[in-house]
Amino acid sequence: MKITDIEELNKKATEVRLGIIEAVYGAKSGHPGGSLSCADILTVLYFNQMQIDPMKSRDESRDRFILSKGHAAPALYSVLANRGYFNVEELPSFRHIDSNLQGHPDMNKVPGVDMSTGSLGQGLSMANGVALSSKINSRGIRVYCLLGDGELEEGQVWEAAMTASHYKLDNLCVIVDNNNLQIDGTVEEVKSPYPIDSKFKSFGFNVINIDGHNMEEIIKAFNTAKTVKGKPTAIIAKTIKGKGVSFMENQVGWHGKAPNEEEYKQAIKELKKKL
Amino acid sequence: MNLDKKIATRASYGETLAEIGEDKRIVVLDADLAEATKTNIFAKKYPERFFDIGISEQDMMSEAAGLASAGQIVFASTFAMFAAGRAYDQIRNSICYPRLNVKICATHAGLTVGEDGATHQMLEDISLMRTIPNMTVMSTSDDTETRWAVREIAKYDGPVYLRLCRLATPVIYGEAQEFKFGKGIQIGEGTDATVIATGVVVQEALKAKEELEKEGINIRVIDMHTIKPIDKELIIKCAKETKKIITIEDHNIIGGLGTAVCEVLSTEYPAKVIRMGVKDTFGRSGKAEELLSYFELTARNIIEKVKE
């Protein structure tokens with residue numbers, strides 16, 4: 001199932017984006033902007049990087065992904081469905097009363113979800129816990145954790161960053177989805193987390209800056225992270241909120257809003273053109 | 001009750017944890033208080049499975065969740081104030097919502113922290129912890145009971161909050177005492193009153209029982225070590241068999257043991273309940289024993305309530 005061809009990966013990412021739109025439109029609520037911004041990163045993780053098997057979603061030695069910015073659940077659900085953990089036709093049931101696809105990921109309800117998240121700032125600590133366990137038991141697990149840039153305003157992120165470097169968690173790789181927008185405005189306007197790269201560097205991380213929509217750069221960064229010993233890696237991925245749907249790109253308003261029927265049709269049309 | 005042998009439940013916890021530590025699934029976390037919470041005993045014996053997370057309790061609770069998700073049995077310790085108080089969201093969302101196997105063993109609960117005063121005297125933890133779904137809440141009264149509880153919760157798969165204290169208290173139970181998870185311990189058969197107590201004040205209830213016997217007043221004491229799930233049957237039985245129900249706890253009277261007892265009786269067997277506890281106020285500095293007197297939580301206060 002590993003995809004190495006860049007064109008194929010881009011196509012897969014478009015399918016993931018289609019799933020995001022189906023989920024959010026089906027729910028009539030949810031967070032399309034921050035889901036679309038991390039779609040390429042998640043596609044690389046699930047189709048190119050992680051040692052996983054959808055048939056063995058609880059295998060103790062599998063690699064883990066923790067979506068600390070849990071509101072990007074549509075992206076996680078879509079990539080999991082596309083990877084074969086469950087049927088993509090379930091995506092429109094997102095947030096429905098009888099659905100397992102909760103508004104934020106629930107590890108006990110959805111196969112492939114490695115950790116329940118939603119309250120911002122907690123995912124990196126959880127990822128550290130998994131990474132520590134892997135070290136104690138020599139399991140060779142790699143742990144990936146996706147943080148939002150606005151989420152960096154949560155103090156716990158930096159408590160966890162200190163822990164990760166203190167315990168030399170080189171099996172941990174943090175990705176910051178730096179789409180520059182949060183609910184109340186740009187991250188600079190609200191409470192600037194910049195400079196993100198030198199912050200992580202001073203907390204003892206190996207830091208890599210990339211374009212979070214360039215498949216080659218994403219793959220290269222993850223491969224480099226695997227070779228770094230004695231410290232965790234933070235990949236700062238410059239992304240565009242709403243990426244892939246023209247009218248959603250770089251618009252704060254699309255953080256937590258579902259498209260209406262007309263917008264939905266246009267989004268699907270735009271995305272399908274890329275297939 | 002052996003008044004000569006006194007031991008703090010935090011010490012019983014630390015020693016027992018080191019005893020059961022050969023189970024390689026067990027991992028212990030602390031937040032720079034290992035010497036006070038007594039996890040340092042485990043740390044010395046099994047340094048490879050002890051992690052000091054530093055002064056960052058929120059981080060510690062979510063780390064515990066991560067470790068548990070990978071199959072470890074995690075014991076996370078700090079003072080009750082910083083466990084149940086500071087890290088409430090992490091306990092709720094990282095640990096309890098996914099029902100992960102984390103044992104929060106919170107020491108220095110209640111007024112009996114003593115001189116450190118109000119900022120360190122956690123009086124709302126039973127209330128906060130028992131309202132979280134999937135959480136089990138325990139509060140032990142002596143060395144023997146605590147040693148049993150630590151072994152018991154290690155075997156149980158799911159989140160537990162164990163409330164422990166700084167103050168050294170008398171050993172109440174002998175080695176032969178039988179304990180059962182979720183079942184209160186009834187001491188005495190008296191019918192004049194039932195005093196339901198938990199944690200450090202169980203000894204006060206037992207002292208009151210002895211004193212009252214001398215005057216021909218016979219009460220029974222219930223040591224309610226498991227607060228959630230609470231022993232409904234025993235509470236109802238005592239309400240039926242005795243003239244008065246009194247609850248006592250080193251905790252705010254709102255939301256704790258007394259409230260839990262009222263919740264049972266109000267629906268199952270309506271009865272008047274006299275709740276003794278800290279009357280919706282903060283604590284203050286002083287010696288532990290002085291504080292119990294100041295906040296009217298001693299044997300003498302119980303005797304007054306029984307006689308009222």
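Student: Before we look at strands, what makes two strands pair?
Tutor: Two strands pair if DSSP finds at least two bridges between them. Please keep in mind that this is a predicted model.

Student: Then how many bridges join strand 5 of chain B to strand 7 of chain B?
Tutor: There are four bridges between strand 5 of chain B and strand 7 (residues 160-163) of chain B, and the two run parallel.

Student: Which residue of strand 7 of chain B does B:Cys105 stand opposite?
Tutor: In strand 7 of chain B, the residue opposite B:Cys105 is B:Leu162.

Student: And how many bridges join strand 4 of chain B to strand 5 of chain B?
Tutor: Strand 4 (residues 73-79) of chain B is joined to strand 5 of chain B by six bridges, and these strands run parallel. Here B:Phe75 stands opposite B:Lys103 of strand 5.

Student: Is strand 5 of chain B mostly covered or uncovered?
Tutor: Strand 5 (residues 102-107) of chain B is mostly covered, with six of its six residues buried. On one side these are B:Val102, B:Ile104 and B:Ala106, and on the other B:Lys103, B:Cys105 and B:Thr107.

Student: Changing topic: at what angle do helix 3 and helix 4 of chain A pack?
Tutor: Helix 3 (residues 39-49) and helix 4 (residues 73-83) of chain A pack at about 35°, and their axes are 10 Å apart. Their crossing is right-handed.

Student: Which residues make that contact?
Tutor: Helix 3 of chain A contributes A:Ala39, A:Leu42, A:Thr43, A:Tyr46 and A:Phe47, while helix 4 of chain A contributes A:Ala75, A:Leu76, A:Val79 and A:Arg83.

Student: How do they divide into nonpolar, polar and charged?
Tutor: Seven residues of this contact are nonpolar, one is polar and one is charged.

Conventions. Residues are numbered from 1 along each chain as its sequence is written. Chains are lettered from A and ligands numbered from 1 in the order in which they are written. This is a predicted model: local features need pLDDT of at least 70, side-chain atom pairs count only at pLDDT 80 or more; totals for chains, interfaces and linings use all residues. Axes are lines fitted to C-alpha atoms, for helices over the stretch in contact, and angles run from 0 to 180 degrees between N-to-C directions. A crossing is left-handed if the near helix is turned anticlockwise from the far one by less than a right angle, and right-handed if clockwise. Two residues are in contact if their C-beta atoms, placed from the backbone, lie within 7 Å. Ala, Val, Leu, Ile, Met, Phe, Trp, Tyr, Cys and Pro count as nonpolar, Asp, Glu, Lys and Arg as charged, and the others, Gly among them, as polar. A residue is buried if 20 or more other C-beta atoms lie within 10 Å of its own, exposed if 12 or fewer, and partly exposed in between; C-beta atoms are placed from the backbone.
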